[in-house]
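Biologist: Hi! Could you walk me through this one?
Modeller: Happy to, here it is.

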Amino acid sequence: MQLEEREKLEQDIQGLCKRGDLAGAVERALEGYGQEIMRLMASVLHDYERSRDAFSLFSENLLRGLPGFRWESSFRTWAYRLARNACYQVMHAPAGREQPVTMSKLPDAELKPRSETRPWQRTSVKERFRALRESLDPQERMLLLLRVDQRLSWEEVARVMSEGEEALTDSALKRKAAALRQQFQRIKTHLRSLAQEEGLIAEEDSSTHA
């Protein structure tokens, strides 16, 4: 999505909220951001059914939380935080959760079961690099997805990855962003080591894949 399109989407959602049309705002949000949220969940959870369940939970929480949203960040940043929380809830929830009516909004075409092929069985170098990234734990994958794939700023990443419901002060947000940047560097170093072990990059060439 281009910047101009995203700005228009944000304006549409906020305008609907100001007019009191929360259902319309949620529908517009799912129409605009649903597919990228679904891709994020599929990448983090690696499970078709759990990703569907996480998206339905995200949709519920979106409708429930929208009246209290203070617009201190972009709607997209807040939605990603809800998506992150939904993923973690599903990861720690017992099986068999009932699917709510919001499942009708699920962009099902964007969610397909992933291959279970192991990294050393992949024929494409690109796929093998992707497999290494997917070997990380869910929180590490979430951090990479937000920063690299979705191109959120470090402050936006910090808002998404923050715990609790309290608003972050500017200083707390900066500290959180700095800590996440350090974690991001550690993850990249770890991925380079894994790539070297797999023979995907030569040790002397590792800096080119930072």
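Biologist: How many salt bridges does a search of the whole structure find?
Modeller: The search finds six, a salt bridge being a side-chain nitrogen of Lys or Arg within 4 Å of a carboxyl oxygen of Asp or Glu. A word on the basis: this is a predicted model, where local features need pLDDT of at least 70, side-chain atom pairs count only at pLDDT 80 or more, and totals for chains, interfaces and linings use all residues. Residues are numbered from 1 along each chain as its sequence is written, and side-chain values use heavy atoms, with hydrogens and water left out.

Biologist: Which residues are linked in a network of salt bridges?
Modeller: Lys 8, Asp 12, Arg 28 and Glu 31. Asp 12 pairs with Lys 8, with the closest N and O atoms 2.9 Å apart. Asp 12 also pairs with Arg 28, at 3.2 Å between the closest N and O atoms.

Biologist: Where do Asp 12 and Arg 28 lie?
Modeller: Asp 12 is in helix H1 and Arg 28 in helix H2 (residues 22–45), so their bridge ties together parts 16 residues apart in sequence. Helices here are DSSP runs (H or I, at least four residues), numbered from the N terminus. Lys 8 and Asp 12 are both in H1, four residues apart, about one turn of the helix.

Biologist: And Arg 76 with Glu 36, buried or exposed?
Modeller: Both are buried, meaning under 20% relative accessible area, where exposed is over 50% and partly exposed lies in between (1.4 Å probe, protein chains only). Their side chains meet in a salt bridge, 3.0 Å from N to O. Arg 76 belongs to helix H4 and Glu 36 to helix H2, so this pair ties together parts 40 residues apart in sequence. Asp 12, by contrast, is partly exposed, because its relative accessible area is 21%.

Biologist: New topic: how do the axes of H3 and H4 cross?
Modeller: The axes of H3 (residues 48–65) and H4 (residues 75–91) come within 8 Å and cross at roughly 130°. Axes are lines fitted to C-alpha atoms, for helices over the stretch in contact, with angles from 0 to 180 degrees between N-to-C directions.

Biologist: What classes of residue are in the contact of H3 with H4?
Modeller: Residues that meet include Leu 57 and Phe 58 in H3 and Trp 78 and Leu 82 in H4, contact meaning heavy atoms within 4.5 Å. By class, the contact has 13 nonpolar, three polar and two charged residues. Ala, Val, Leu, Ile, Met, Phe, Trp, Tyr, Cys and Pro count as nonpolar, Asp, Glu, Lys and Arg as charged, and the others, Gly among them, as polar.

Key:
Helices (H or I, at least four residues) and strands (E, at least two) are DSSP runs, numbered from the N terminus.
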